[in-house]
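Please look at the structure before reading on.

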Amino acid sequence: MRRAKYVGIDRDDPRKAIKSMNQAADRFREGASILIFPEGTRSPDGRLQPFKPGGFHLALKIKGDIVR
């Protein structure tokens, strides 16, 4: 994942999460595509979880499109 320049988000540490989101924004500006799973994690029963706001904040920051 490091070779692919994957940017993971540490949801347990807000400061690290913001730093990671800034890294993701930088990668986008360098021409990378970004894939986000807005529900954050899988559920035991397979149902979709409530969306987390981080991906939407990132889209606004980079002025990127949200494609489903």
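Contact means heavy atoms within 4.5 Å. Leaving aside its neighbours within four places in sequence, Ile62 is in contact with Ala25, Phe28, Arg29 and Ile34.

The model is predicted: local features need pLDDT of at least 70, side-chain atom pairs count only at pLDDT 80 or more, and totals for chains, interfaces and linings use all residues. Residues are numbered from 1 along each chain as its sequence is written, and side-chain values use heavy atoms, with hydrogens and water left out.

Helices (H or I, at least four residues) are DSSP runs, numbered from the N terminus. Helix 1 and helix 2 pack at about 45 degrees, and their axes are 10 Å apart. The axes are lines fitted to C-alpha atoms over the stretch in contact, with angles from 0 to 180 degrees between N-to-C directions.

| Helix | Residues | Contact made by |
|---|---|---|
| Helix 1 | 14-29 | Met21, Asn22, Ala24, Ala25, Phe28 and Arg29 |
| Helix 2 | 54-62 | Gly54, Gly55, Leu58, Lys61 and Ile62 |

A nonpolar core is a set of buried Ala, Val, Leu, Ile, Met, Phe, Trp, Tyr and Cys residues joined through side-chain atoms within 4.5 Å; buried means under 20% relative accessible area, with a 1.4 Å probe and protein chains only. The largest such core has five residues: Met21, Ala24, Ala25, Leu58 and Ile62. Helix 1 gives the largest share of this core, three residues.

Ser20 also lies in helix 1. Its relative accessibility is 9%, so Ser20 counts as buried. Apart from neighbours within four places in sequence, Ser20 is in contact with Val7, Gly8 and Ile9.

Methods:
Helices (H or I, at least four residues) and strands (E, at least two) are DSSP runs, numbered from the N terminus. Buried means under 20% relative accessible area, exposed over 50%, partly exposed in between (1.4 Å probe, protein chains only).
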